[in-house]
Amino acid sequence: MSTAAIATDETDPPLRPLPGRAAELLAGVGASPRLVAHLRAVHDVAAQLVEWVQLRCPALELDAEAVLFGAATHDIGKALHPAELSGPGARHEEAGRELLLGLGVEPDLARFAGTHASWAAPGVGAEDLLVSLADKIWKNKRVTELEDLVVTLLAGADGRAAWEWFMELDEVLTEIGDGADRRLAYQMSHPLTG
């Protein structure tokens with residue numbers, strides 16, 4: 001199956017297609033089928049999170065398109081470091097950012113490849129936190145430190161108590177996390193190389 005087909009065709013479970021520009025970039029760097037499937041699953045979760053935030057906390061200024069592009073390309077560096085697709089490693093992070101910059105992607109969009117695992121770093125904003133959160137929740141991994149940062153962000157945007165936001169965020173993350181087994185099966189149904 002081609003990168004374009006994995007990025008855009010109907011899937012089981014139903015996943016939103018990757019943005020066209022992201023799909024083209026992934027095809028251009030020879031991203032493996034499993035990498036494209038992973039990015040599509042994370043992108044779909046990011047879209048769910050963006051929709052939830054826009055509905056529940058409209059006071060939070062958010063560049064939704066940046067979040068979606070970031071989720072769709074955050075691991076592009078694994079095209080250069082394919083061992084990190086099935087094992088640990090962080091070399092893909094800076095390599096991905098540099099790769100995107102080299103392909104003409106604007107720095108504010110290329111940054112997600114480098115920030116998706118660095119949510120506590122200085123200068124990390126709402127968009128970065130949502131990409132990081134999507135990259136965990138797609139497989140139902142809960143990270144207290146990351147979720148606390150998102151709760152603080154939401155509470156700061158609209159003034160509601162942090163405990164209220166904690167309860168709401170926990171509910172939506174549990175709901176999204178319930179689909180993790182199907183997303184993992186989808187990703188694993190694609191070969192590491194191809």
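Visitor: At roughly what angle do the axes of helix α4 (residues 64-73) and helix α7 (residues 107-115) cross?
Guide: This is a predicted model. In it, the axes of α4 and α7 come within 9 Å. Their crossing angle is roughly 45°.

Visitor: Is α4 parallel, perpendicular or oblique to α7?
Guide: Angles under 35 degrees count as roughly parallel, and 65 to 115 as roughly perpendicular. The α4 and α7 axes cross at roughly 45°. That makes the arrangement of α4 to α7 oblique.

Visitor: Which residues of α4 and α7 make the contact?
Guide: Take each helix in turn. From α4 come Ala 66, Phe 69, Gly 70 and Thr 73. From α7 come Leu 109, Phe 112 and Ala 113.

Visitor: Is the crossing of α4 and α7 left-handed or right-handed?
Guide: The two axes come within 9 Å. As α4 passes α7, the crossing is right-handed.

Visitor: How does α4 lie to helix α8 (residues 126-137), and what word describes it?
Guide: The axes of α4 and α8 come within 9 Å. They cross at roughly 40°. The crossing is right-handed. By its angle, α4 is therefore oblique to α8.

Visitor: Which residues of α8 meet α4?
Guide: On the α4 side, the contact uses Ala 66, Val 67, Gly 70 and Ala 71. On the α8 side, the residues are Glu 127, Leu 130 and Val 131.

Visitor: How many salt bridges does the count come to?
Guide: The rule needs a Lys or Arg side-chain nitrogen within 4 Å of a carboxyl oxygen of Asp or Glu. By this rule the total is 15.

Visitor: How many residues apart in sequence are the parts tied together by Asp 44 and Arg 16?
Guide: The two side chains meet in a salt bridge, at 2.8 Å from N to O. Asp 44 lies in helix α3, and Arg 16 in the loop between α1 (3-8) and α2 (20-28). So the pair ties together parts separated in sequence by 28 residues.

Visitor: Is Asp 44 buried or exposed?
Guide: The cut-off for buried is under 20% relative accessible area. Asp 44 has 5%, so it counts as buried.

Visitor: Which helix holds both Glu 94 and Arg 97?
Guide: Glu 94 and Arg 97 form a salt bridge, with the closest N and O atoms 2.7 Å apart. Glu 94 is partly exposed at 40%, and Arg 97 is partly exposed at 26%. The two sit three residues apart, about one turn, in helix α6.

Visitor: Which residues join Glu 168 in a network of salt bridges?
Guide: Start with the pair Glu 168 and Arg 160, whose closest N and O atoms are 2.3 Å apart. Glu 168 is buried at 18%, whereas Arg 160 is partly exposed at 23%. The network links Glu 168 with Arg 56, Arg 160 and Glu 164.

Key
Residues numbered from 1 in each chain as written. Predicted model: local features only at pLDDT ≥ 70, side-chain atom pairs only at ≥ 80, totals over all residues. Heavy atoms only, no water. Helix = DSSP H or I, 4+ residues; strand = E, 2+ residues; numbered from the N terminus. Buried < 20%, exposed > 50% of the residue type's maximum accessible area, 1.4 Å probe, protein only. Axes fitted to C-alpha atoms, helices over the stretch in contact; angles between N-to-C directions. Parallel < 35°, antiparallel > 145°, perpendicular 65-115°, else oblique. Left-handed = near helix turned anticlockwise from the far one by under 90°. Contact = heavy atoms within 4.5 Å.
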